[in-house]
Amino acid sequence: MNKVKELLEAGEPALGTWVTIQHPDVSEILSTLPFDWLMFDMEHAPADISTLETMLPAVDEDHVIPFVRVPWNDIVWIKRVLDVGVKGILVPYVSTKAEAKKVVNACQYPPRGIRGVGPRRAINYGEKDREDYYDRFEGNLVIGVQVETPEALANLDEILSVEQIDMAFIGPNDLSANLGVYRQFASSKYRKAVDKVLATCKEKKVAPGIFSGDPSEITAQIKNGFQFISIAADYGSLRSTYANILRELREIG
Ligand code: 3PY
Ligand code: MG
């Protein structure tokens, strides 16, 4: 069973981080920590399927569930990342019900969907039973869609009515930019959008998620009902750790 799916269904928080640096040491180091999930970002990080495949064996899947954010809502990307064995998918910029259905279809085998068959690493190269994977994989997958546009907010009810969508994830940068209040996270326009996502998720029994840029906000976000929370990104954490040490030594900004 997918630990993150269980947490989300139980209404519990699932904490993770963005992985953008393309080396297996990074996923191995992060797997030693009590994260629930790691998000391998293929939208904005310089990642491809072969770098992803080198990083996955370093993830201890008994403790940490590997997710991928695909570059776009595209069946080819979704198929390829599922075939290397990730257990969660996040799709950016899903703004309509038709787009949400497209995501779910790409994740499902016929007759339910249109995923092509060739699971390869996802079945340990044949060690795992193919038929069992075909029948049961979907029940174990977490599917998330990103809410990043005013159109997505307007269509949220319909988007989250699509069965098999487990999570609606706010991309704070894109959502604020597309609302005309780029990174003005205290603005009433942005706050209203966040409240709408939280309320619609509650009504539709879908887990709300967010990328948290500020560690001091995470407890409040959990209290507000967010469940799937990215607490940081690898490159930002690396830089801020060194910056904190150097600030004391050299008073850098
Ligand atoms: C955004 O902030 O737009 C995101 O997609 C989070 O990474
Ligand atoms: Mg985004």
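## Basis of the model

The model is predicted, so local features need pLDDT of at least 70 and side-chain atom pairs count only at pLDDT 80 or more, whereas totals for chains, interfaces and linings use all residues. Residues are numbered from 1 along each chain as its sequence is written, while chains are lettered from A and ligands numbered from 1 in the order in which they are written.

## Overall form

The protein chain holds 12 helices and eight strands, which are DSSP runs numbered from the N terminus (helices H or I with at least four residues, strands E with at least two). For 253 residues a compact globule would have a radius of gyration near 18 Å, and the 18 Å of the protein chain agrees with this; the radius is taken over C-alpha atoms, and the globule rule is 2.2 Å times the number of residues to the power 0.38.

Along its principal axes the C-alpha trace spans about 60 × 40 × 30 Å, and buried residues make up 38% of the 253 residues. Of the contacts between residues at least 6 apart in sequence, 61% join residues at least 24 apart, a contact meaning that the C-beta atoms of two residues, placed from the backbone, lie within 7 Å.

## The barrel

Eight strands form a closed barrel in the order β1-β2-β3-β4-β5-β6-β7-β8, with parallel pairing, two strands being paired if DSSP finds at least two bridges between them. Neighbouring strands of this sheet are turned by 25 degrees against each other on average, direction ignored. Helix α2 (residues 24-31) packs on the sheet, touching β1 (14-19) and β2 (37-41), and its direction makes about 160 degrees with that of β1; axes are lines fitted to C-alpha atoms, for helices over the stretch in contact, and angles run from 0 to 180 degrees between N-to-C directions.

Strand β5 (residues 142-147) runs parallel to β4 (residues 88-91) and is joined to it by four bridges, with I89 opposite I143 and L90 opposite G144. Four bridges also join β5 to the parallel strand β6 (residues 167-170), where A168 is the bridge partner of V145.

Because six of the six residues of β1 are buried, β1 is likewise largely enclosed by the rest of the structure. This strand pairs in the parallel sense over four bridges with β8 (residues 228-233), and over four bridges with β2; W18 has A233 as its bridge partner in β8 and M39 in β2.

## Helix α5

In helix α5 (residues 97-107), the buried residues are A100, K102, V103, V104, A106 and C107. The buried residues of α5 pack against α4 (75-83), β4, β5 and α8 (156-159).

## Surroundings of ligand 1

Ligand 1 is surrounded by P92, Q146, E148, G171, P172, N173, D174 and F211, a residue being near a molecule if its C-beta atom, placed from the backbone, lies within 6 Å of it. Helix α9 (residues 172-178) supplies the largest share of this shell, three residues. The shell divides into three nonpolar, three polar and two charged residues, with Ala, Val, Leu, Ile, Met, Phe, Trp, Tyr, Cys and Pro counted as nonpolar, Asp, Glu, Lys and Arg as charged, and the others, Gly among them, as polar.

Note on methods:
Buried ≥ 20, exposed ≤ 12 C-beta atoms within 10 Å, placed from the backbone.
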